[in-house]
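Subject: Structure handover and salt-bridge findings

Dear colleague,

Please find the structure below for your records. My notes on its salt bridges follow.

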Amino acid sequence: MKNIYIPLIFFFLACNSPKKKDHQIIEVKKAVKSPVVDGRATDNCWNMAQWHPLDQNWLGNAYSHEDFNGRYKLSWDKDALYLLVEVTDDVLYDQYKDPLKLWWDDDCLEVFVDEDNSGGLHQFSHNAFAYHIALDGNVVDLAPDKEARLYNEHVTSEKITEDGTTVWEIAIKLYPDTYLDGAKNSAKTLINNKKVGFALAYCDNDGSLERENFIGSVFVPGEDKNQGWINADIFGTLVLQDN
């Protein structure tokens, strides 16, 4: 009889473990026709989507509007989450050609996704992903073995820069927390009313050894705002809507 209580205790703890509290909830409309990922905001889904600000200074000193300003739109279909990002950045800086070397200190987008919106720690797990999308299109995140890996098959992106403004168009496949590096994995099929944990950020470096600012899409309370790469609880919540 004594052995029965052990699994019951674990079951009780699992059922009563804290869950992520939904915040910065954004309803995302489904694309009637999937966008062509070419860096141009000409697809109809972008006309139907609203802009959201990229304006929370997670790291660094105050910056000017001329130095950086950003905003983004979202859409989805059964195969992917789509992201349109417009960034005005006076300097695009890429000092490390090796995509796995200090990738966060180059100008890059960072897209945080938690497929089941469960929240929790993910620094060295696939409970959530923190995709760093470099200027050359390489996609980097930390793997459970604490090593950096390329996840280029997860994210497709194209960007166009004109007069200091860069438009990024991105398609992101969503993988569950059971994802195994080196194994055959299937992306999730997205459905109506699905909730997805999400945050967006931009690493801005105008020529320093380290990034000068890290600008996010969600408010993070407290002094240490650089939490997204560790804790998915700070992610906002997307609610996928079939129009």
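Glu 86 counts as partly exposed, at 23% relative accessibility (buried means under 20% relative accessible area, exposed over 50%, and partly exposed in between, with a 1.4 Å probe and protein chains only). The structure is a predicted model, in which local features need pLDDT of at least 70 and side-chain atom pairs count only at pLDDT 80 or more, while totals for chains, interfaces and linings use all residues. Residues are numbered from 1 along each chain as its sequence is written, and side-chain values use heavy atoms, with hydrogens and water left out.

The search of the whole structure returned five salt bridges (a side-chain nitrogen of Lys or Arg within 4 Å of a carboxyl oxygen of Asp or Glu).

Glu 86 forms a salt bridge with Arg 71, at 3.0 Å from N to O. Because Glu 86 lies in strand 5 (residues 81–89) and Arg 71 in strand 4 (residues 68–76), the pair ties together parts that are 15 residues apart in sequence. Strands (E, at least two residues) and helices (H or I, at least four) are DSSP runs, numbered from the N terminus. Arg 71 is partly exposed, at 31%.

Lys 195 and Asp 22 also form a salt bridge, with the closest N and O atoms 2.7 Å apart. This pair links distant parts of the chain, 173 residues apart: Lys 195 is in strand 12 (195–204), and Asp 22 is in the loop between helix 1 (2–15) and strand 1 (25–29). Lys 195 is partly exposed at 39%, and Asp 22 is partly exposed at 31%.

Finally, Arg 149 and Asp 145 meet in a salt bridge at 2.7 Å, N to O. Arg 149 is partly exposed at 34%, and Asp 145 is partly exposed at 41%.

Kind regards
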